[in-house]
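The report below describes a single model, moving from its aromatic pairs to its nonpolar core, its charged pairs and a few individual residues.

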Amino acid sequence: VSRQKLARGWVVDPSAGALVDRRLAAKLIERAAREAATRAQQGDAHAVRAFTVDAVSSAFERLLADRESLVWNHVAVARGLLAPWVPSFAKAVEDGASPKLSPTEWRRAATSAAAMIAVTPEEGERAARACLRLKEKDSGVRSALLWGLPRAVEAEPDVAGELALGMSEGGAAVAEGMSDLVAEVGLVGALEKAIARLRGALPASAVGALELPGGDPGEGSLRD
């Protein structure tokens, strides 16, 4: 990302390609943002500049606006990690919880806010809870918050655990996101309460769903 020729071949050009190419480019941006944020916290903010140059910046915005969550969630995480050193990123995350916006902006802001907890815990938690208040307008906000939590769980497990607990009331709607979170960070103690509450809110078995009139076998299998 910080080298022009490599950035062109691995991030910029693929950002306008097929899904598999866009997803890889987005993942590279997230990993690069993690490294840049670590360096910035150690006093080397120069590393963040790689994301503000024209070509990379354009690819960043293109991937963040991608229609596929498999793509944009990685870039939204990167935006949250870099927000303390890029004022435009911080403003976008803060403004992203405005009720005047659409679910598209809300979900991306939620993922960024959750990731921001890893670098600025208080500001990130405040932004994440502002996004969580939108759950009645858009249930997808809770899943989007979970997508941004892996970095927060690594750096600030207590804050991340409390936020996850607030999302566990989402039942089946957030179960898959919680499963993905555990798959990435492991069954850490900070998530135990949230997982227990979520498991208790789900049916013990999906078999009964198959017997209901209009029951969806796919939905039952997903709950199992």
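## Aromatic pairs

W72 has a relative accessible area of 4% and is therefore buried, where buried means under 20% relative accessible area, exposed means over 50%, and partly exposed lies in between, for a 1.4 Å probe and protein chains only. The model is a predicted one, in which local features need pLDDT of at least 70 and side-chain atom pairs count only at pLDDT 80 or more, while totals for chains, interfaces and linings use all residues. Residues are numbered from 1 along each chain as its sequence is written, and side-chain values use heavy atoms, with hydrogens and water left out.

Rings of Phe, Tyr and Trp (the six-membered ring of the latter) pair if their centres lie within 6.5 Å, with planes under 30 degrees apart counted as stacked, over 60 as edge-to-face and the rest as tilted; by this rule there are two aromatic pairs. F60 and F89 are stacked, because their ring centres are 5.0 Å apart and their planes stand at 15°. This pair links distant parts of the chain, with F60 in helix α3 (residues 54–64) and F89 in helix α5 (residues 87–95), 29 residues apart; helices are DSSP runs (H or I, at least four residues), numbered from the N terminus. Both F60 and F89 are buried. W72 and W147 form an edge-to-face pair, 5.5 Å from centre to centre and with 70° between the planes. Here too distant parts of the chain are linked, since W72 lies in helix α4 and W147 in helix α8 (residues 140–155), 75 residues apart. W147 is partly exposed, with a relative accessible area of 27%.

## The nonpolar core

In soluble globular proteins, nonpolar side chains tend to be buried together. A nonpolar core is here a set of buried Ala, Val, Leu, Ile, Met, Phe, Trp, Tyr and Cys residues joined through side-chain atoms within 4.5 Å. The largest such core has 69 residues, and those with the most contacts inside it are F51, L82, L145, L149, M178 and L181. Helix α4 gives the most to this core, with eight residues. When residues up to four places away in sequence are not counted, F51 touches V1, I29, A32, A33, A36, V56, S57, F60 and L82, contact meaning heavy atoms within 4.5 Å.

## Helix α11

In helix α11 (residues 192–201), the buried residues are A194, I195 and L198. They lie on the same side of α11, because they cover an arc of only 95° around the axis, the arc being that of the directions from the helix axis to the C-beta atoms. On the other side of α11, K193 and G200 are exposed. The buried residues of α11 pack against α9 (157–167) and α10 (172–185).

## Salt bridges

Side chains of opposite charge can pair when their charged atoms come close. With a salt bridge taken as a side-chain nitrogen of Lys or Arg within 4 Å of a carboxyl oxygen of Asp or Glu, the structure holds 11 salt bridges. One of them joins the side chains of R34 and E154 (3.6 Å, N to O), and this pair links distant parts of the chain, R34 being in helix α2 and E154 in helix α8, 120 residues apart. R34 is partly exposed at 28% relative accessibility, and E154 is partly exposed at 47%.

K91 forms a salt bridge with D95, in which the closest N and O atoms are 2.6 Å apart. Because K91 and D95 are four residues apart in helix α5, they are separated by about one helical turn. K91 counts as exposed, at 53% relative accessibility, whereas D95 is partly exposed, with a relative accessible area of 34%. Salt bridges that share partners join E30, R31, R34, R151, E154 and E184 into one network.

N73 lies in helix α4 (residues 69–82) and counts as buried, at 14% relative accessibility. Apart from residues up to four places away in sequence, N73 touches T111 and W147.

R23 is found in helix α2 (residues 19–41) and is partly exposed, with a relative accessible area of 32%. Leaving aside neighbours within four places in sequence, R23 is in contact with L70, V71 and H74.

Methods
Helix = DSSP H or I, 4+ residues; strand = E, 2+ residues; numbered from the N terminus.
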